[in-house]
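Let's take a walk through this structure, from the inside out. Have a look at it first, and then we'll go step by step.

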Amino acid sequence: MAHLSTMLLRRRGMLLKLVVALPTLWLLLSLFTLNDSKLDDKDTQANIPLKAREEAEIESNHIRENVIIKEPVRVAPEPPKQAEEPSTEPPHEIHPAGGVLLPPQEPNGPGEMGKPVVLPKDLDAETKAKVDKGWQDNAFNQYVSDMISVHRTLPDPRDEWCKAPGRYLDNLPQTSVIVCFHNEAWSVLLRTVHSILDRSPDHLLKEIILVDDKSDMAHLQQQLEDYMAQYPKVKVVRAQKREGLIRARLIGATAATAPVLTFLDSHCECTTGWLEPLLGSIAVDPHIVACPVIDVLSDDNFEYHFRDASGVNVGGFDWNLQ
């Protein structure tokens with residue numbers, strides 16, 4: 001019985017140990033398995049490059065920001081459109097050949113379209129004195145010239161053959177227009193310059209060179225410089241002493257920069273389409289010296305006299321030298 005009791009006691013102790021040992025062993029196995037799982041996660045993250053992890057974190061933050069922080073876009077209502085005010089600027093005449101932009105004109109002004117300006121015969125003493133002084137200073141009626149716009153219109157004397165589209169080459173050379181003067185009247189000189197600017201295609205006119213052959217009239221000094229300063233294509237060149245026409249033209253030729261030189265008087269007016277035929281002849285043969293038909297302006301009333309192409313004119317003279 002004692003042996004049996006001892007065995008029973010031993011069996012009870014064994015069972016008690018098993019009851020205590022089995023839960024302990026299960027707990028140890030669970031902890032060991034959990035540690036292995038964490039180590040595997042760390043190894044996996046360690047294998048991901050640092051840059052990839054940073055990009056993943058940034059993308060995750062971006063998504064969170066879009067979801068949590070982003071506010072709905074509010075579209076502001078468009079302001080009501082205001083009606084455009086009509087332009088009050090007077091319309092400009094567009095040159096049909098070359099697209100030259102002409103300044104506003106006074107259709108019924110003195111001398112427009114080349115019409116004569118006839119003074120009344122019974123002039124008062126003061127006006128007659130001014131007319132006489134104009135003749136004395138310039139050998140033409142300066143008083144009438146001063147009444148006429150420096151942008152006055154002229155008729156188009158060209159033949160229909162000359163007006164045909166595509167009549168001249170597209171790649172015409174540029175020209176420098178040289179105008180020499182000495183004590184020229186203000187209105188006549190300005191009308192010469194503006195007729196060149198107003199009736200020359202812009203891409204063909206490189207510059208206008210005004211050569212002052214030692215003028216001593218006040219209006220041809222600083223006043224001329226100030227007026228021409230508003231036209232970038234106009235240059236004023238002054239001779240140091242009285243040179244005469246030919247040497248003054250050589251001074252202008254020295255200052256010119258275009259491949260073609262055009263010489264004009266300081267008391268002339270260019271008509272529509274005056275430049276293209278001259279440059280067209282030179283473009284065909286650079287050795288050509290082209291000379292235009294020179295019409296007549298009356299020295300008394302500034303009427304524009306012209307003839308059509310049926311008459312032959314060379315330098316303003318017909319075959320009878322008239």
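This is a predicted model: local features need pLDDT of at least 70, side-chain atom pairs count only at pLDDT 80 or more; totals for chains, interfaces and linings use all residues.

A nonpolar core is a set of buried Ala, Val, Leu, Ile, Met, Phe, Trp, Tyr and Cys residues joined through side-chain atoms within 4.5 Å. Buried means under 20% relative accessible area, exposed means over 50%, and partly exposed lies in between, with a 1.4 Å probe and protein chains only. Residues are numbered from 1 along each chain as its sequence is written, and side-chain values use heavy atoms, leaving out hydrogens and water.

Now the overall picture. The protein chain has nine helices and eight strands; these are DSSP runs numbered from the N terminus, with helices (H or I) of at least four residues and strands (E) of at least two. Of its 322 residues, 30% count as buried.

So what sits in the middle? The largest nonpolar core has 26 residues, and those with the most contacts inside it are Val177, Ile196, Ile208, Leu210, Met228, Leu264 and Trp274. At least two residues of this core come from each of strands S3 (175-181), S4 (205-212) and S6 (260-264), and likewise from each of helices H6 (186-198), H7 (222-228) and H9 (275-284). There is also a second, separate core of nine residues, with Val117, Leu119, Val131 and Ala185 among them.

Zoom in on Met228: leaving aside residues up to four places away in sequence, Met228 touches Leu190, Val193, Leu210, Val234 and Val236. A contact here means heavy atoms within 4.5 Å. Helix H9 is worth a look too. Its buried residues are Leu275, Glu276, Leu278, Leu279, Gly280 and Ile282, and they pack against S3 and S6.

Finally, the outside. Leu250 is found in helix H8 (residues 245-255), and because its relative accessibility is 53%, Leu250 counts as exposed.
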